[in-house]
Amino acid sequence: MADLSQLLHATFGFSSFRANQEAVCRAATDGKDVLLVMPTGAGKSLCYQLPALARGGTGLVISPLIALMDDQANKLQQAGLRVARIHSGLSRDQSRQACRDYLDGHLQFLFIAPERMRVPGFPEMLARRKPSLVAIDEAHCISAWGHDFRPDYRTLGEHLPALRPAPIIALTATATPTVQRDIVTQLSLATPALFIHGFRRHNLAIEVVELSKPRRTEFTANFLADKSRRPAIVYAPSRKAAEELAATLGSRFPAAPYHAGLDAATRERVQRHFLTGKLEVVVATIAFGMGIDKADVRTVIHFALPASVEAYYQEIGRAGRDGEPSRTVLLYSYADRKMHDFFLERDYPVATELARVARLLTPDFQMPDLLRQRLKMDAETFDKSVEKLASQGAAATDQAGNVRATGNQQWQSSYERQVQHRRAQIDSMQQFAEAQQCRMTALIRHFGDTADSTKPCGVCDFCAPTSTTAQTFTEPSAQEDRNLRAILRALDGAMPRATGKLFTDLALTKDRKDFDALLDGLARAGLLSFTNETWTNPEGKVVAYKKVSLTFEGQTLAPGAPLNVLLRGDGSAASTAFPGKKRKAKDATEVLQSTYTPAQKALDENLRAWRKAEAAKTGKPAFIVFSDSALAALVQAAPQTIPQLLKVSGFGPQKAETFGADITAICREQSRVPHDRDSSIVPIVGHAQSASAPAPSKPNPKPSNPRPSPTSVPHSSQPHRDEWVHPQSPPTPKLPPIDPTTLTPTQQALEASLRRWRQSESERLGLPQFFVLGTAALRTIAQQHPTTLPQLAKIEGINQEKLDRFGPAILSLCTA
């Protein structure tokens with residue numbers, strides 16, 4: 001077999017694998033069955049393409065959509081590979097030629113639709129010449145527990161034994177643990193290698209906006225009016241909604257609808273124009289995007305609540321494939337839930353209707369029209385009943401639509417479980433929209449990605465409410481502040497309480513929605529947490545509800561202390577000129593930032609990076625550490641001692657005790673550094689020293705617990721204790737920053753290696769890169785090329801702690 005790395009470069013032009021790709025490719029190349037769950041845009045296709053080439057012969061690819069099939073086949077053909085397709089969009093002669101080429105061994109890849117396996121003689125034709133590998137794309141379609149179940153996929157497992165010993169690789173971007181197990185069972189995968197990872201998308205900022213249906217069109221038009229938010233995909237709940245919204249948007253910028261009701265030529269033209277930039281917005285139903293590889297989609301908007309979390313995650317994954325910051329906005333209201341309940345009743349007829357159809361079926365195929373007439377059943381109910389009986393293995397259909405019984409009489413209980421599962425999917429989607437937690441973390445947990453640390457993303461509307469673009473967050477009024485504190489008092493020392501009972505007992509607001517907004521704000525501030533509970537009413541219906549309790553931070557909050565709560569607005573912030581407290585505050589901050597000196601800009605950047613890292617440690621939003629307005633005050637004051645910090649607006653003794661040492665260290669170090677654009681700050685982050693301690697000649701290392709001890713908290717009788725002051729020696733004279741253009745090629749190569757190492761180390765430690773190694777120090781290392789620890793220790797910015805922690809790794813790069 002060919003070397004995978006060499007084949008990767010020679011065939012596809014890639015110098016290296018993406019994260020997790022190599023292990024998957026090696027398992028499949030070695031002949032193991034594989035289940036791969038990897039998000040959209042992470043490089044799943046390569047994970048079957050490369051092993052198929054490495055094993056030789058023909059790789060058989062089963063794919064559910066013509067657009068997806070054509071896109072992947074065209075890319076392989078452009079790479080010089082021999083590829084054929086068989087689907088309903090091709091002529092009979094083209095399909096026959098593809099079969100001949102397959103049997104003659106002329107193909108490296110054959111793409112087919114799952115429906116082809118129902119054509120008499122076709123599976124036997126494939127078995128006459130065994131494929132080298134069988135790839136089943138969008139494998140979640142196999143599972144009745146998935147979000148896009150297709151009966152034709154369900155029968156694939158019956159045909160796979162005849163294609164062995166080819167390994168089977170099942171690929172999908174969206175499969176919960178339940179669906180993963182079902183895929184393995186239905187395909188009879190033999191002790192498969194499981195690869196379930198990579199669900200976190202660092203560049204996606206997720207926002208959820210509760211908004212009534214009549215307001216959504218204006219919202220979407222105003223939001224996308226900002227050109228930086230385009231190209232965009234808007235997912236609409238129906239064909240009619242897609243066409244109406246596209247017509248409205250098209251009057252302002254290039255936009256078009258896309259749905260299954262359009263002819264094939266129109267759909268192909270919309271796709272092509274969107275890919276080439278002639279269209280900036282596509283308003284589509286759920287089919288759009290499958291196989292569409294457009295890297296620079298900046299925004300994905302859901303015009304209504306999606307049917308499942310799995311579908312939602314797959315669709316937002318089409319934004320920001322180029323790695324640049326992108327945004328997703330979900331619009332929803334209670335009316336969306338009622339719509340999904342209606343669709344559920346339509347698409348899943350009651351079991352008694354299925355039983356009526358099943359009783360008339362015989363072992364021989366019968367024409368559906370005759371059966372429908374005998375039953376006096378409307379066409380929609382009949383077709384859905386046959387479809388669901390087939391999904392349960394109780395009926396089978398041929399290409400003409402004729403239907404027969406299979407002999408399976410044990411379908412009813414599994415069908416009822418399927419209906420319950422579908423309802424649970426809707427419940428999960430609604431719970432996601434209403435959840436008080438990091439949006440990305442909620443998605444990762446839903447898919448069971450155990451390799452992810454589930455840290456907060458730092459950019460969604462829960463983690464960063466001051467940075468949202470689709471909605472407003474405001475500071476509470478005096479009355480709202482009193483209500484917030486009343487809620488905290490009611491929960492103090494109490495067991496978790498049902499939110500509905502709490503609303504009734506406290507009677508703080510007339511509207512339950514207003515009360516829930518208060519709970520939401522307290523949860524965003526890290527003071528409350530929620531748990532989902534259920535109970536069964538006397539009619540036997542399971543009712544979901546929430547319980548709420550104080551977090552540790554809520555329990556230990558001092559009376560009268562600032563709450564740092566922001567309350568969600570009404571979702572009217574889509575306009576580029578919307579009013580509200582939040583917008584005015586942001587404008588003021590932007591005006592202030594425009595006046596910053598280079599030194600203040602550098603300090604602002606480093607304080608933001610530290611704040612983000614600090615928030616990640618506790619799993620709380622960044623503004624809980626300190627708000628943007630407090631950050632602006634810090635930048636202006638640049639406090640270098642704790643007494644100076646206590647004079648800054650927003651910093652009392654509690655925050656000074658918790659964060660003072662770190663903040664003042666960063667401010668002090670900033671004052672010493674030349675403020676050119678390329679210089680990096682190496683912050684001092686450590687304990688306060690006594691006045692009698694000798695002044696350090698280099699920045700103090702950051703210990704594992706950088707907080708001052710409780711005994712160092714200032715009291716009103718001694719507000720300026722000396723041990724709160726970090727002594728300073730006169731600033732050490734520094735050399736001018738190194739001009740990168742003066743570095744030799746060898747020095748430039750070393751600098752590049754050091755930068756890659758620094759990025760990897762910062763990601764491992766969860767700290768900003770300048771905490772690991774400043775850019776000025778990094779470039780000095782590249783220039784001086786130290787080969788021993790004493791030589792490295794002489795470089796400005798390398799203190800003893802950095803020398804002990806990172807010295808061997810740095811020297812290994814220097815001596816490589």
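This passage walks through a predicted protein model, from its overall make-up to a few local details.

The model is predicted, and for that reason local features are reported only at pLDDT of at least 70 and side-chain atom pairs only at pLDDT 80 or more, while totals for chains, interfaces and linings use all residues. Residues are numbered from 1 along each chain as its sequence is written, and side-chain values use heavy atoms, with hydrogens and water left out.

The protein contains 33 helices and 20 strands. Here, helices (H or I, at least four residues) and strands (E, at least two) are DSSP runs, numbered from the N terminus. Of its 816 residues, 52% count as buried; buried means under 20% relative accessible area, exposed means over 50%, and partly exposed lies in between (1.4 Å probe, protein chains only). Among contacts with a separation of 6 or more, 71% join residues 24 or more positions apart, a contact being heavy atoms within 4.5 Å.

Which residues of α29 are buried? They are Gln747, Leu750, Glu751, Leu754, Trp757, Arg758, Glu761 and Ser762. These residues cover an arc of only 135 degrees around the axis, which puts them on the same side of α29; the arc is that of the directions from the helix axis to the C-beta atoms. On the other side of α29, Pro745, Arg756 and Glu763 are exposed.

Another helix, α3 (residues 46-55), holds Gln49. With a relative accessibility of 8%, Gln49 counts as buried. Leaving aside residues up to four places away in sequence, Gln49 touches Phe12, Leu76 and Phe109.

Strands come next. In general, strands of a sheet pair through backbone hydrogen bonds, either parallel or antiparallel. In this model, three strands form an open sheet in the order β17-β19-β18, with antiparallel pairing. The strands β17 (497-498) and β18 (528-536) stand at the edges, each with a single partner strand, so one side of each is left without a neighbour in the sheet. Two strands pair if DSSP finds at least two bridges between them. Between β18 and β19 (residues 542-550), the antiparallel pairing runs over nine bridges. As an example to find on screen, Ser529 has Ser549 in β19 as its bridge partner.

A search of the whole structure finds nine aromatic pairs. One of them, Phe219 with Phe223, is stacked, at 5.9 Å centre to centre and 5 degrees between the planes. Rings of Phe, Tyr and Trp (its six-membered ring) pair if their centres lie within 6.5 Å; planes under 30 degrees apart count as stacked, over 60 as edge-to-face and the rest as tilted. Both Phe219 and Phe223 lie in helix α10 (residues 213-224), four residues apart, or about one turn of the helix, and both are buried. The rings of Phe342 and Phe343 have centres 5.7 Å apart and planes at 55 degrees, so this pair is tilted. Elsewhere, Tyr348, Trp411 and Tyr415 form one aromatic cluster.

Finally, some backbone details are found in loops. The peptide bond from Arg164 to Pro165 is cis, with omega near 15 degrees, and Pro165 sits in the loop between α8 (156-159) and β6 (168-172). A cis peptide bond also joins Arg230 to Pro231, with omega near 5 degrees; Pro231 lies in the loop between α10 and β9 (232-235). Ser188 is not a glycine, yet has a positive phi of about 55 degrees. Ser188 is in the loop between α9 (177-187) and β7 (193-196) and is exposed, with a relative accessible area of 53%. Asn564, likewise not a glycine, has a positive phi of about 55 degrees. Asn564 is placed in the loop between α23 (552-556) and β20 (567-568) and, at 32% relative accessibility, counts as partly exposed.
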